[in-house]
Structures are given as C-alpha cells and as structure tokens.
Amino acid sequence: MLRVPVAAALRQSRRALPQQQRRGMAGGYPADMKVKKNIFYEEWNGQREITERTFELGFGDLPMLLMSVVIFPFLCYALPREELKKKDRRYKEVF
C-alpha cells in the first residue's frame, strides 16, 4: 500500500521539475563541417619548425665579426662625440 502513494509522488515530482534545454557547442554547425587540414600549410609549418642549424666560426669569419661587433659600434659613438666636442660649447660646460 505504501508503494502506490510513493510511486505516484515520484511521478508527480518528475513532471514538476523543469528540464533544461540540451545545448550543443557554440556556433551550431553541423557535424559534417569539421576542420580539414590543408596539406600545404602543414608541410610549410613542418619546414618552419626545423630550426637546428650548425653555427661554425672559423678564422676567415673573425675580421667580419670584429668589424660588426667592435669597430662599427665604436665609430658610431666616437665620431659624433668628437663632433660635439669641436662645435658645441655646452659640451665643455657639462664635462
């Protein structure tokens, strides 16, 4: 006897509960519109990832290295400084 009122109460409570709407992913695109890989882009990306290259420095490269790392920056600093010393009177007041 107890089963009938309990079962009826359960059925009634199930009807009373609001059911949430089932939602898919955003956009609402159908399943056949999947992302397809472009073979050319994938190959290009694979070639870009090859970054390992050997770095060799020999005696023939040493003069160019010195020119670009030491002499050129020094000249870019020293020549304008000498020009300031000669022409600008404020330079003598500061230093």
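A residue is called buried when its relative accessible area is under 20%, exposed when it is over 50%, and partly exposed in between (1.4 Å probe, protein chains only). This is a predicted model, in which local features need pLDDT of at least 70 and side-chain atom pairs count only at pLDDT 80 or more, while totals for chains, interfaces and linings use all residues. Residues are numbered from 1 along each chain as its sequence is written, and side-chain values use heavy atoms, with hydrogens and water left out.

**The whole chain**

Begin with the cartoon view. The protein shows four helices and zero strands, in the order α-α-α-α from the N terminus; helices (H or I, at least four residues) and strands (E, at least two) are DSSP runs, numbered from the N terminus. Then display the surface. Its accessible area, from the Shrake-Rupley method with a 1.4 Å probe, is about 10800 Å², and carbon and sulfur atoms supply 61% of that area. Of the 95 residues, 2% count as buried.

Next, colour by pLDDT, the predictor's confidence in each residue, from 0 to 100. The mean for the protein is 77, with 64% of residues at 70 or more. Confidence is lowest in helix α1 (residues 3-16), where the mean is 63, and highest in α3, where it is 92.

**Helix α2**

Select residues 39-48, which form helix α2; among these 10 residues the count of buried ones is zero.

**Helix α3**

Move on to residues 62-87, helix α3.

Now show the side chains of E82 and K85. How far apart are the closest N and O atoms of this salt bridge? They are 3.9 Å apart, inside the limit for a salt bridge, a side-chain nitrogen of Lys or Arg within 4 Å of a carboxyl oxygen of Asp or Glu. The structure holds one salt bridge. Because K85 and E82 are three residues apart in helix α3, about one helical turn separates them. K85 is partly exposed at 31% relative accessibility, and E82 is partly exposed at 37%.

**From α3 to α4**

Finally, select R81 in α3 and Y91 in helix α4 (residues 89-94). Their C-alpha atoms are separated by 9.4 Å, with the two residues 10 apart along the chain. R81 counts as partly exposed at 32% relative accessibility, whereas Y91 is buried at 14%.
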